[in-house]
Structure formats: C-alpha cells, structure tokens
Amino acid sequence: LNVTDVIDYGDLAVTDTSLDISATITNFGNMNINVSVLGYGLTENDGFGLICERGGNISIEHQRFSPAPATLWTAKTPLAATNQDMGLTIPQATDLTTPTTWETFWQLYVPPNPQGECTGTIRFTATPSI
C-alpha cells in the first residue's frame, strides 16, 4: 500500500470549503485489498482533524472523503477517529511492473476560529479482500 504523501487543501479562509483534492492509493501487493482510514490532529482519538499553529483547531468531521470523483460535500463521508472502510477494493496488480491505483477525493470545510497553518494525520490501512 502506498498513498499520496500529502493531502494539501490549499489556502482557505474561515467558512471556505476546499475543492476536491485527490489522493492516489496504490496496491503493490499480491492480493486484492480493502482500504480503511482514520484521522487525528496531534494524537490518536484527540477528536481533531487538524491542529492549527495559533489555535482554533479543526474537528475531524470537517474532513470528508469519497472513492468517486465529483461528489458533493454533503455526499462525502466524514473522517472519524476510528477506522472506517472507504468503500473500495483495490485489485492486485496483474503485471509486476504496473501496480494498481485508485484515486480518492477529499474536501475540508474550515469552521470559524482556526488560526495559522493547520496539519493533521490520516492513516490508511489495507486489509486483504476475501
């Protein structure tokens, strides 16, 4: 499993919602995989999606994802502090030189009060698809 290094929502103002930002997941393995995600700001289960350098952190549910493009914010799944299935299975590569990839789509809503640059962690987990 390999995932795009950074999901960068760009420079957003308070009450802005980002555009769809893609993150590519690659299956380098020899079996089909299901992918799940969880998020946190500074430490697992802290309830934040992003920790902001000058305060006003962003709660985790303000980050959302979808395994399909062009999905409205309201139709995307809110990120959570516990592992949740992304609703996709990535097939194993049929050619060792060409891994299989899947593009996922992410958005962030910026609520009132965050200040400064904000960062967090999204953990992607692969489990065998049976």
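**Exercise 1.** Is N27 buried or exposed? Work out its setting and its polar partners.

*Solution.* A word on the model before we start: it is predicted, so local features need pLDDT of at least 70 and side-chain atom pairs pLDDT 80 or more, while totals for chains, interfaces and linings use all residues. Numbering starts from 1 along each chain as its sequence is written, and side-chain values use heavy atoms, without hydrogens and water.

Step 1. Check its accessibility. With a relative accessible area of 1%, N27 is buried (under 20%, with exposed over 50% and partly exposed in between; 1.4 Å probe, protein chains only).

Step 2. Look for polar contacts (N or O pairs within 3.5 Å, one able to donate a hydrogen and the other to accept it; residues adjacent in sequence count only if both atoms are side-chain atoms). The N27 side chain comes to 2.8 Å from the backbone nitrogen of G29, and one of its polar atoms is 3.2 Å from the backbone oxygen of P91.

Step 3. Beyond four places in sequence, the contacts of N27 (heavy atoms within 4.5 Å) include I33, I90 and T100.

**Exercise 2.** In which order do the three strands of the open sheet lie?

*Solution.* Step 1. The order is β8-β3-β11, with antiparallel pairing (at least two DSSP bridges between two strands).

Step 1. At the edges, β8 (84-90) and β11 (121-128) each pair on one side only.

Step 2. Now zoom in: eight bridges connect β3, residues 33-40, with β11, and V35 has A126 as its bridge partner there.

Conventions:
Helices (H or I, at least four residues) and strands (E, at least two) are DSSP runs, numbered from the N terminus.
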